[in-house]
Structure formats: C-alpha cells, structure tokens
Amino acid sequence: MSILQYNGGAVIAMAGDNCVGICSDLRLGVQAQTVAMDFEKVFPVTEKLYIGLTGLASDVLSVNQLLNFKTKLYKLRENREIKPEAFSAMLSSLLYEKRFGPWFTEPVVAGLGEDGKPFLSGLDLIGAPVFADDFVVAGTCTSNLHGMCESLYRPNMNPEELFEVLSQSLLAAVDRDALSGWGAVVHIITPEGVMTRKLRCRQD
C-alpha cells in the first residue's frame with residue numbers, strides 16, 4: 001500500500017458558471033481500520049479560495065498550517081488577498097523544495113478569480129501542477145472519481161446544479177472504495193459567498 005493511501009480520502013473540485021465547488025469525504029482511517037468520521041480535508045485559504053488535501057493525515061494538517069502561515073505573511077507584505085493563480089504557484093514551490101523528503105499529500109486548489117472565473121489546479125507530492133477547466137480529483141479512488149465526473153459533468157452549471165453533480169459524483173465513487181467515505185462535506189464558492197453542506201452516506 002502506498003503511504004498516500006494509508007489514511008484514505010477523496011477530494012473533487014469542479015467548475016461551474018461563475019462558481020466553483022470542492023468537496024471531500026470525512027473518513028480518517030489506518031488502512032482498513034476506521035479511526036474517525038469527522039476528518040475534513042478541505043480548508044479555506046481566503047473567502048474565495050479553498051484547498052483540498054489528500055494523503056497522509058499528519059502531512060495534511062502540517063501542510064495546511066504551513067500554507068495558513070504563508071498566506072497570512074503574503075497578505076501582510078502585499079496588503080491584499082492572494083489570488084488563486086499565485087497561491088497555486090506558491091504551493092507548487094513549497095512542495096518542490098521538499099522533493100527529496102516530500103510532504104505525502106496531493107493538493108487540489110479551487111477558487112474564483114477577480115473576474116469571477118473559476119480556477120482549478122491539482123498537484124502531485126513534488127508540486128507538478130495540472131490546470132483544468134472542468135474538474136480535478138485526488139485521493140484513493142481517483143479512477144472512480146474520474147469516471148463519475150466524466151459521466152455527470154456538464155459546462156456552465158449554476159451553484160445548485162454544481163452541488164448536485166459534485167455530491168452524486170463523490171458519493172457514488174466513495175461507496176466503491178473501502179478507504180474513503182463515511183460522510184462528505186461540499187463547499188460551493190460564488191461571488192456572493194460560500195455555501196457549505198454536509199452529506200450523509202453509507203457508514204460501512
């Protein structure tokens with residue numbers, strides 16, 4: 001088993017029409033043993049920028065704390081909120097500088113730019129980025145997530161449609177994976193604010 005799969009987890013970020021969504025499951029496990037059912041893997045960076053972190057749970061928390069520190073320092077120096085593109089570049093650099101002893105996490109970045117345009121990016125554990133216009137997935141069931149997202153995704157969805165597609169994609173994928181699931185949380189980011197909803201799913 002890969003160290004990235006040790007604690008389980010699944011994250012999807014998806015773009016809509018002037019909105020973007022990101023969701024994760026809530027399971028924290030030690031291989032096949034479930035430890036907790038309230039371990040969120042999606043964290044706010046700014047009001048319009050969120051990051052999802054899958055992989056080793058200790059590194060998920062450590063990288064989130066480090067990013068929290070770096071974004072606050074950026075705001076003090078620049079006197080403005082960090083943009084999604086700049087944050088993704090900063091994250092890539094942060095991961096690459098530890099490439100010989102990497103953080104065991106695969107981040108997904110989702111946010112809205114100044115013009116309300118969705119921004120999505122995914123990175124591997126040494127910071128190689130991929131940018132997408134539709135969706136990005138990460139976690140222990142990426143093949144399931146890819147299949148569901150390709151089936152259900154359609155362009156220019158409004159926030160409610162985006163929530164429905166994200167929810168159905170995540171729940172259908174994690175139900176077929178033993179290392180993720182046990183509930184989910186969905187964040188829909190719009191120019192007006194963020195809508196957060198928790199989902200119940202199979203508890204087995």
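**Exercise 1.** At roughly what angle do the axes of helix α3 and helix α4 cross?

*Solution.* The model is predicted: local features need pLDDT of at least 70, side-chain atom pairs count only at pLDDT 80 or more, and totals for chains, interfaces and linings use all residues. Residues are numbered from 1 along each chain as its sequence is written, and side-chain values use heavy atoms, with hydrogens and water left out.

Step 1. Locate the helices: α3 covers residues 142-152 and α4 covers residues 159-174. Helices (H or I, at least four residues) and strands (E, at least two) are DSSP runs, numbered from the N terminus.

Step 2. Two packed helices are described by the angle and the distance between their axes. Here the axes come within 9 Å and cross at roughly 145°. Axes are lines fitted to C-alpha atoms, for helices over the stretch in contact, and angles run from 0 to 180 degrees between N-to-C directions.

Step 3. List the partners: N144, L145, M148, C149 and L152 in α3 meet V165, Q168, S169, L170, A172 and A173 in α4. Contact means heavy atoms within 4.5 Å. The residues of this contact comprise eight nonpolar, three polar and no charged. Ala, Val, Leu, Ile, Met, Phe, Trp, Tyr, Cys and Pro count as nonpolar, Asp, Glu, Lys and Arg as charged, and the others, Gly among them, as polar.

**Exercise 2.** Determine which residues touch the most other members of the largest nonpolar core.

*Solution.* Step 1. A nonpolar core is a set of buried Ala, Val, Leu, Ile, Met, Phe, Trp, Tyr and Cys residues joined through side-chain atoms within 4.5 Å.

Step 1. Among the 24 residues of the largest core, those touching the most other members are I12, M14, L145, L162, L166, L170 and V186.

Step 2. Two or more residues each come from β1 (10-15), β10 (135-139), α3, α4 and β11. The largest share, eight residues, belongs to α4.

Notes
Buried < 20%, exposed > 50% of the residue type's maximum accessible area, 1.4 Å probe, protein only.
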